[in-house]
Amino acid sequence: IGLDFNHREESYTFNVAPFWRKIDYIEGEFFSQHAFGWTATFNWLFRPTLALALSTGREHRDYTGLDRTDTDASYSMALSWRQTSHWTWVLRGTHALRDSTLREAGYSDNAIILSLTYTR
C-alpha cells in the first residue's frame, strides 16, 4: 500500500511517498516481513540542461519468522547535465545504512557514481 504526493512547478518538483508492505512467503514464514516507511525526492532545474536531485528514504522492517528488526535509511544527491539531446552526464553521491537487531546484518555504505548516458 502506498500513497504519493507530487508537487510540480516550472523549476522544481517535490514527491513524498509513504508506504506499508507485507510479504508472506508460500514455502514458510522464515523471511516473511512487515515493513513501513517513506521516500522523498526534490528535483531542481537550474536551467534546461542542468538539474539537482536530492532524495532520502527510511524503512522499518520486522521479520515474522525471525527475531530480527531492520531500519534502513538512504540519502542521495545527484547533479545532471544534458550535454546534447543524446548525451547526459550524472554525478551522484549516495549514503545508505542499516541498523539491525541481527548484528551481522547492519552496514553503512557510501558511493560516488559518474555516469554517461546515450539516449536515441
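**Figure 1. Aromatic pairs in the predicted model.** The count comes to 5 aromatic pairs in this predicted structure. One of them joins Tyr12 and Trp44, whose rings are stacked at 5.8 Å centre to centre with 5° between the planes. This pair links distant parts of the chain, since Tyr12 belongs to strand β2 (residues 12-23) and Trp44 to strand β3, 32 residues apart. Tyr12 has a relative accessible area of 25% and is therefore partly exposed.

**Figure 2. Trp44 and its partner Phe42.** Phe42 and Trp44 also form a stacked aromatic pair, with 6.1 Å between ring centres and 25° between the planes. Phe42 is at 27% relative accessibility, so Phe42 counts as partly exposed. Trp44 is likewise partly exposed, at 31%. Ring pairs connect Tyr12, Phe42, Trp44 and Phe46 into a cluster.

**Figure 3. Nonpolar patch on the surface.** Trp44 and Phe46 are also among the residues of a nonpolar surface patch. Patch membership requires over 30% relative accessible area, and Trp44 has 31%.

**Figure 4. Strands that supply the patch.** Four strands, β3 (33-47), β5 (68-82), β6 (87-100) and β7 (107-118), each supply at least two residues of the nonpolar patch. The most come from β7, which gives 4 residues. Trp44 lies in strand β3.

Technical notes. Residues are numbered from 1 along each chain as its sequence is written. This is a predicted model: local features need pLDDT of at least 70, side-chain atom pairs count only at pLDDT 80 or more; totals for chains, interfaces and linings use all residues. Side-chain values use heavy atoms; hydrogens and water are left out. Patches are made of residues with over 30% relative accessible area and no salt bridge: like charges are joined within 9 Å, nonpolar side chains (Val, Leu, Ile, Met, Phe, Trp, Tyr) within 5 Å. Accessible areas come from the Shrake-Rupley method with a 1.4 Å probe; for residues, only the protein chains shown count as cover. A salt bridge is a side-chain nitrogen of Lys or Arg within 4 Å of a carboxyl oxygen of Asp or Glu. Buried means under 20% relative accessible area, exposed over 50%, partly exposed in between (1.4 Å probe, protein chains only). Rings of Phe, Tyr and Trp (its six-membered ring) pair if their centres lie within 6.5 Å; planes under 30 degrees apart count as stacked, over 60 as edge-to-face and the rest as tilted.
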